[in-house]
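My entries follow in the order in which I made them.

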Amino acid sequence: MFNKNGGLMLNVNHFQTTNSNNIKKMVFASLFAALMAVGAYVEIPIPASPVPITLQTFFVLLTGAILGARWGTISVIVYLLLGIAGLPVFSGGSSGLGMIFGPTGGFLIGFMFGAFIIGYLSDRFGTKNIGLNIAIMLAGLSVIYVFGILQLMNVADLSLTQALVLGMIPYLPGAVLKLIAAAVISSRYSLNQE
C-alpha cells in the first residue's frame, strides 16, 4: 500500500479487475432474475395441488452455482422484490405480497435460502465436478422443499404427509432432471471463482 518513500500507492489494476468482475456479476444476477421470471411462465399444473411445475427452480439452482452465495442470493432477492412490487414474475404471471404468504410462498422464500446454500458450497468446494454439483444442488433443493412444505402445511392446514404428497412427491422426477441439467451446465460455466 505504501512505497519505499512512505507515499501511498494504489493498485489501479486490482480496482479495475474487482470492479469489472462485480459489474459482470451484477449483469448476470439481473439476467438470472429475469430467467427466473421467464421460468415461472413455463408452468405445468399438477391436478389436486396448488404448486405447479415450473422452470424457476432450475434457474435458482444455476444462479447459486454460477454466481456464488452473494450474487446468487442477490439475484433471487431482486426476483422476489420484483414480484412483491407487482410485476407478474411468479408462476402463472402472478405477483404481490400475497403470493409470499400464500400456499406456494414457502417455495419462493426457499429459493433465496437454496441459492445461498448452493452458492456458499459452490464457492467453497468449486463447481467443476458434476457429482459434487449434484450433491450441492441437492442440499439447496432440500432447503427449498423444507420451506415450501412447511408453509404449505401451515397455510393449507395440511398434515406433513398431505403436504409431501401435494407439494413434493409429484415434483421429484422433474426436480431430478432439472438438478442434473443444472449440475452439468454449472460444471462448465462459473463466475463465482473468478
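**Helix 2 against helix 5**

I looked up the crossing of helix 2 and helix 5 and found it right-handed. For handedness I use this rule: a crossing is left-handed if the near helix is turned anticlockwise from the far one by less than a right angle, and right-handed if clockwise. I note that this is a predicted model, where local features need pLDDT of at least 70 and side-chain atom pairs count only at pLDDT 80 or more, while totals for chains, interfaces and linings use all residues. Residues are numbered from 1 along each chain as its sequence is written, and side-chain values use heavy atoms, with hydrogens and water left out.

The axes of helix 2 and helix 5 come within 10 Å and cross at roughly 130 degrees. That angle makes helix 2 oblique to helix 5. The classes are: under 35 degrees roughly parallel, over 145 roughly antiparallel, 65 to 115 roughly perpendicular, and the rest oblique. Axes are lines fitted to C-alpha atoms, for helices over the stretch in contact, and angles run from 0 to 180 degrees between N-to-C directions.

I listed the contact residues (contact means heavy atoms within 4.5 Å). Helix 2 contributes T57, V60, L61 and A65, and helix 5 contributes M137, L141 and I144.

**T57**

I then took T57, which sits in helix 2. Is T57 buried or exposed? T57 counts as buried, at 13% relative accessibility. The cut-offs are under 20% relative accessible area for buried, over 50% for exposed and partly exposed in between (1.4 Å probe, protein chains only). Leaving out residues up to four places away in sequence, T57 touches F111, L141, I144 and K178.

**Whole chain**

I counted seven helices and zero strands in the protein chain. Helices (H or I, at least four residues) and strands (E, at least two) are DSSP runs, numbered from the N terminus. Of the 194 residues, 43% count as buried. I also checked contacts between residues at least 6 apart in sequence: 68% of them join residues at least 24 apart.

**Other helix pairs**

Next I took helix 5 with helix 7 (residues 172–188), whose axes come within 9 Å and cross at roughly 135 degrees. Helix 5 and helix 7 are therefore oblique to each other, and their crossing is right-handed. On the helix 5 side the contact is made by I130, N133, I134, M137, L138, L141 and Y145. On the helix 7 side I find L172, A175, L179, I180, A182, A183, V184, S186 and S187. This contact of helix 5 with helix 7 has 13 nonpolar, three polar and no charged residues.

For helix 2 (residues 56–84) and helix 4, the axes come within 7 Å and cross at roughly 105 degrees. Helix 2 and helix 4 are therefore roughly perpendicular to each other. The residues of their contact divide into 15 nonpolar, eight polar and one charged.

**Aromatic pairs**

How many aromatic pairs are there? I pair rings of Phe, Tyr and Trp (its six-membered ring) if their centres lie within 6.5 Å; planes under 30 degrees apart count as stacked, over 60 as edge-to-face and the rest as tilted. By this rule the count comes to five aromatic pairs. One of them is F58 with F59, edge-to-face at 5.1 Å centre to centre and 70 degrees between the planes. F58 is buried at a relative accessible area of 13%, and F59 is buried at 12%.

I also looked at F113 and F147, a stacked pair with 4.8 Å centre to centre and 5 degrees between the planes. This pair links distant parts of the chain, with F113 in helix 4 (residues 105–125) and F147 in helix 5 (residues 130–156), 34 residues apart. F113 is partly exposed at 37% relative accessible area, and F147 is partly exposed at 32%.

Not counting residues up to four places away in sequence, F147 touches G106, F107, I109, G110 and F113. F147 and G110 lie 5.2 Å apart, C-alpha to C-alpha, and 37 residues apart in sequence.

**Backbone check**

Most residues other than glycine have a negative phi. I noted D157, which is not a glycine but has a positive phi of about 50 degrees. D157 lies in the loop between helix 5 and helix 6 (160–167), and D157 is exposed, with a relative accessible area of 68%.

Conventions:
Ala, Val, Leu, Ile, Met, Phe, Trp, Tyr, Cys and Pro count as nonpolar, Asp, Glu, Lys and Arg as charged, and the others, Gly among them, as polar.
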